[in-house]
Amino acid sequence: MISKDQFSHYLIGDSAIDNSHWALLTLLDSIAQITNREALVLASESVLADWAMHMVYEEILMRKVRFPYAHVHAEEHNRMLDNLRDLHEEALVKSEYTATTHAKRMLDMVLAHIDHYDMQFRPYLIGGT
Ligand SMILES: [Fe+2]
Ligand SMILES: [Fe+2]
């Protein structure tokens with residue numbers, strides 16, 4: 001799990017997005033502690049649902065602040081959701097696939113997205129929402 005200090009590097013500047021990112025990261029941290037397979041699958045489904053809702057909010061906000069690369073970002077959201085679904089499917093079929101591995105793979109994907117894509121529209125939020 002990343003600390004609040006490390007998380008400050010990933011702040012976008014919109015409190016709803018930042019809180020949502022933190023909630024997703026916290027959820028992934030709790031997934032890493034799961035030892036029951038059924039609970040892992042349910043928690044993984046919850047990540048997919050939460051991430052999909054998060055993406056919708058971001059895409060609305062990007063249009064609101066007239067972020068010029070909103071369509072590229074939205075395409076990346078769709079690609080990432082597909083990749084998260086693939087990880088989820090792997091977690092379903094591979095019995096050796098541990099919660100720690102699953103959480104780490106999803107965490108790496110989420111952090112890379114925030115760092116590369118979400119940070120791009122940070123300047124458009126200054127003085128915005
Ligand atoms: Fe995001
Ligand atoms: Fe995003």
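A residue is taken here as buried if 20 or more other C-beta atoms lie within 10 Å of its own, as exposed if 12 or fewer do, and as partly exposed in between, with C-beta atoms placed from the backbone. The structure is a predicted model, in which local features need pLDDT of at least 70 and side-chain atom pairs count only at pLDDT 80 or more, whereas totals for chains, interfaces and linings use all residues. Residues are numbered from 1 along each chain as its sequence is written, and chains are lettered from A and ligands numbered from 1 in the order in which they are written.

Leu42 is exposed, because 12 other C-beta atoms lie within 10 Å, and its place is in helix 3 (residues 37-64), helices being DSSP runs of H or I of at least four residues, numbered from the N terminus. Between Leu42 and Lys64, which are 22 residues apart in sequence, the C-alpha to C-alpha distance is 34 Å. Asn78, which lies in helix 4 (residues 70-93), is likewise exposed, with 10 other C-beta atoms within 10 Å. The C-alpha atom of Asn78 is separated by 20 Å from that of Leu28, 50 residues apart along the chain.

Helix 2 (residues 15-32) packs with helix 5 (residues 99-116) at an angle of about 160°, their axes 8 Å apart, where axes are lines fitted to C-alpha atoms, for helices over the stretch in contact, and angles run from 0 to 180 degrees between N-to-C directions. Helix 2 is therefore roughly antiparallel to helix 5, a term that applies to angles over 145 degrees. Residues in contact (C-beta atoms, placed from the backbone, within 7 Å) include His21, Leu24 and Leu28 of helix 2 and His102, Met106 and Val110 of helix 5. By class, the contact of helix 2 with helix 5 has 11 nonpolar, 3 polar and no charged residues, with Ala, Val, Leu, Ile, Met, Phe, Trp, Tyr, Cys and Pro counted as nonpolar, Asp, Glu, Lys and Arg as charged, and the others, Gly among them, as polar.

Beyond its neighbours within four places in sequence, Leu40 is in contact with Ile31, Ile34, Ala91, Ala99 and His102.

Key:
Helices (H or I, at least four residues) and strands (E, at least two) are DSSP runs, numbered from the N terminus. Angles under 35 degrees count as roughly parallel, over 145 as roughly antiparallel, 65 to 115 as roughly perpendicular and the rest as oblique. Two residues are in contact if their C-beta atoms, placed from the backbone, lie within 7 Å.
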